[in-house]
Amino acid sequence: MSLLSLKSVIKRFGGLTAVNNFSTDLQPGELCALIGPNGSGKTTIFNLITGIYAPTEGKIFFDDRDISGKKPNEITRAGIARTFQNIRLFKGLNVLENVMVGHHLRLKSDPFSAVFQLPGYMAEDRKMHQEAYELLQAVNLAHLADKEPTALPYGQQRKLEIARALATHPKLLLLDEPAAGMNPQEAEELMEFILHILKNFELTIFLIEHQMRVVMGICPRIIVIDHGEQIAEGVPEIIQNDPRVIEAYLGVTENA
Amino acid sequence: MKIKRNTLLTLAALAVFYGLLALAENTLNTYWVRILNLCAVYTIFAVTFNLIFGYTGQFSLGHAGFAAIGAYVGALLTLSPAQKQANFFLQPILPFLANVEMPFLPTLIIAGLLAALIGSLVAWPALRLRGDYLAIATLGFSEIIRIFLVNWQPLTNGAMGLKGIPEYTNLYWSWGAAIVTIFIVKRLIDSSYGRAMKAIRDDEVAAEALGVNLFKHKIMAFAVSAFFIGVAGALFSNLISTIDPKVFLFTLTYQIVGITVMGGMGSLTGSAVAASLYTIFLELLRPIESQITIGSLMIPGRPGMRMVIFSLLLLFVILFYRKGLFGQKEFSWDWLIGFLRGKNRKMKTSQTLGSTGAADKENKS
Amino acid sequence: MTFELFLQHLANGISLGSLYALIAIGYTMVYGILRLINFAHGDVVMLGAYAAFYGAALFLLPWYIAFPLAIIITAALGVIIERIAYKPLREYPRINLFTAAVAVSFLIENLGIVIFGGRPFAFTRPEFMDVNLSFGKTSIISYTFIIIITAGILFAILLYLVNKTKAGMAMRALSKDIETTGLVGVNTDRIIMFTFALGSALAAAGGILWATKFPQINPLMGVMPGLKAFIAAVLGGIGNIPGAMIGGFLLGISEILIVAFLPSLSGYRDAFAFAILILLLLFRPNGIMGEVQAEKV
């Protein structure tokens, strides 16, 4: 049984077809990459999966439930979390609070008990604090818990965004260009980090990446799209030698 | 330990504050008591604007309309049947209101609830809009409310307004309400719900992607704000004892925005301080609008001068203290104690004033 | 309602609409570039009317000197406001810019009360605007047409400036993308000054024509027209100049006609504009001519 399943998904913006008849399946525990030249529709596919856009045609299933056209917060609740291409941290909240926002969706106490700090809420709040802190420990950011996110170096901001997504307890994590703007060493660390969370958080990861080193190094399966259509799929070795992939990239591989 | 100490300090401060209110109520003349009451009303206005905009990021310009609802509820539920008859001489008041006369507390609560209800009804469609579109739509709703109140003679006595409203508002009521407002708003923004609201303010897309229900949290901020604006409106009409519907023009909302920005977006302390300063300041300047005689030179009074000075001051604050008087900082006991001990420089938590340059400078000198 | 009466109302509506449109253009141009709701714009309208009033009543200038002079003075004031109050805040959160506009608005209104006095003045129309024209059974005073014609000429000049001149094209580029346009060598500051000058000049013209239509001026006279014109700008799709014109006419005509057909609702006249606005926003959140701007994720 596949965890995520896109069935002939089409997305049009006016006259422009951004995603054309895209189908794929992700199995639980898988680490899969989505690559393609700029403007090929990768982020649009992520936006379709996470509900920022509704598909024009086709269906998206997650855990055997039809999630096409559902709102982003409902989809997150169902178990899909994501990060963004341009890091979107909450600047007015500190590092710990950024993660705690990810816990909010499981809060059971109503606003009244929150305002009057009734025991039920206080217990939940303590648990939330503790879990958020543990999550920061797990990603080696605990020492920065009370810092402002903008004060963090770039690589750590990326990590924080991932930690924040993990706080929603996702089954599927979508990473949109996690290595963007990183130097080779940082990218190396990131690869290890991704493999680490894949194992430790019982995740399935779907990622978009431009840095081929990252993709080829860790992803057993790669999907290549161009102009919104899938042009190749398979293990890194096959992808690297696929003539259509080479044509699509025209020799441009890194940071195209 | 520390939390307990701070709670005790807060209770002690409240007791002292109560004493001061009692002192003011008994010794100051009615003119100054009225001004101190107005300080509380404007504090509520600014704190609630801060909740909607400063913490939740929703640029709502509906304050004047919600305040008007509260003011009319406050008047219509407390006016005696005889006074109502005297007020509504053009056309009698709607029968269901003719004989109602309620004590102040239920009146305040009903004023708040009705404002919250209408606030939510307004927010329901309007919150689909973002940014400036939300601003203009809420401003529009506010004006529509006002225009209805002006035209609905059997309910509101129309453009003539209402007179003879019992002056129930005293310092205990007004500041009591202000403190309750600050308490609840503070607790709300510090809770998990508040974190979700701030997340919405900082980045709606990211907040929604983390499972935050945007609509639910925005409407919560709206309803809570509107409730207290309604209460403040009722306090206002039972303070001034008359209602002139012109007071609730959208310019009232602009004033509230100005006060809140002056105090600092995201600082409840700032809202309270700026609201009080604004009210007292406008009163202190009143003489400049009346005739002044310096020696043989006589300067005729110029109405409008006070607002000229206020707007220049507002402009000055925005241009040179861009984060307002308090920025996003709040008063806290930890800060005060640290300040008194002179070692605030070590304190770096985001909620305290200790980390500001201003406090550091104070320390050095 | 007779057809003649209808025509009279329609002419009235078009002339009111052209006033809204003149004022709305300033809102929309400034918003297009700075994303600022310049709430002081309505007060600039008032300044225009007072400048013309003083020129004619105090300095006894003939209207053909007083009116253009008033427009020039108001345009200069518009630029000064931008320099002092808005320019330093361009890089800051938009609430600051908005509050600055509120402060400027309060300042102009209350300075108006201090300097001009709170009592209204009677504005004397030039004689040629006070001619009674008869068309069969209807009679319309000439200012109605003069307002429409003047506004039409000003629209034509504006569209020429915006579409055919370098400054106008730079202005449009700026409203598409302020950063990139700055990079390709356009002097952003000067274009913004140009925008404020142009917008304020049109507002002044609107204010003077407003005073000929409703010949009483007071320091708060700009508040409601300003707000209505802003609504017109939003109706048309804020940032869009032809949209502002369409929005202005739509608002003016519908306001007059609704009251003409349903006189019992005349007390609610000011609420119509908002009701139309809210309904439109709910169904077309970007206005009639506005482009849909999807947020980039």
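Interfaces, Salt Bridges and Backbone Features

Trainee: How many residue pairs are in polar contact across the interface of chain C and chain B?
Mentor: A polar contact is a pair of N or O atoms within 3.5 Å; within protein, one atom must be able to donate a hydrogen and the other to accept it, and residues adjacent in sequence count only if both atoms are side-chain atoms. Across the interface of chain C and chain B in this predicted model, with both residues at pLDDT 80 or more, the rule finds 8 residue pairs.

Trainee: What pLDDT do local features need in this predicted model?
Mentor: Residues are numbered from 1 along each chain as its sequence is written, chains are lettered from A and ligands numbered from 1 in the order in which they are written, and side-chain values use heavy atoms, with hydrogens and water left out. The model is predicted: totals for chains, interfaces and linings use all residues, side-chain atom pairs count only at pLDDT 80 or more, and local features need a pLDDT of at least 70.

Trainee: What area do chain C and chain B bury between them?
Mentor: Contact (heavy atoms within 4.5 Å) involves 46 residues of chain C and 45 residues of chain B. Buried area is the accessible area (1.4 Å probe) that two parts lose on being put together, summed over both. Of the area buried here, 78% is on carbon and sulfur atoms, and the value is about 3900 Å².

Trainee: Which residue forms a salt bridge with C:Arg94?
Mentor: A salt bridge is a side-chain nitrogen of Lys or Arg within 4 Å of a carboxyl oxygen of Asp or Glu. The count between chain C and chain B is 1. With its closest N and O atoms 2.4 Å apart, this pair joins C:Arg94 to B:Asp132.

Trainee: Which element gives the most to the side of chain C that touches chain B?
Mentor: Helices (H or I, at least four residues) and strands (E, at least two) are DSSP runs, numbered from the N terminus. On chain C, two or more residues each come from α3, α4 (94–116), α9 (223–236) and α11 (269–283). With 16 residues, the element that gives the most is α4(C).

Trainee: Which element supplies the largest share of the side of chain B that touches chain A?
Mentor: Chain B and chain A bury about 2500 Å² between them, and B:Tyr193, B:Arg195 and B:Leu210 supply 28% of the area that chain B buries, more than any other three residues. The rule finds 2 salt bridges across this interface, including B:Asp203 with A:Arg88 at 2.7 Å. Elements giving two or more residues are α9 (171–190), α10 (192–202), α11 (204–209) and α12 of chain B. The largest share, 8 residues, comes from α10(B).

Trainee: Is B:Lys218 buried or exposed?
Mentor: B:Lys218 lies in helix α12 (residues 214–240) of chain B, and its side chain makes a polar contact with that of B:Glu204 at 3.0 Å. Buried means under 20% relative accessible area, exposed over 50%, and partly exposed in between (1.4 Å probe, protein chains only). Because its relative accessibility is 5%, B:Lys218 counts as buried.

Trainee: How many residues apart in sequence are the parts tied together by A:Arg221 and A:Glu30?
Mentor: These residues form a salt bridge whose closest N and O atoms are 2.4 Å apart. A:Arg221 lies in strand β9 and A:Glu30 in the loop between β2 (16–26) and β3 (31–35) of chain A, so the parts that the pair ties together are separated in sequence by 191 residues.

Trainee: What relative accessibility does C:Glu255 have?
Mentor: C:Glu255 forms a salt bridge with C:Lys228 at 3.3 Å. The pair links helix α10 (residues 241–261), which holds C:Glu255, to helix α9, which holds C:Lys228. C:Lys228 counts as buried at 4%, and C:Glu255 likewise counts as buried, at 1%.

Trainee: What phi does A:His227 have?
Mentor: Most residues other than glycine have a negative phi. A:His227 lies in the loop between β9 (221–226) and β10 (229–234) of chain A and counts as exposed at 61% relative accessibility. Its phi is positive, near 50°.
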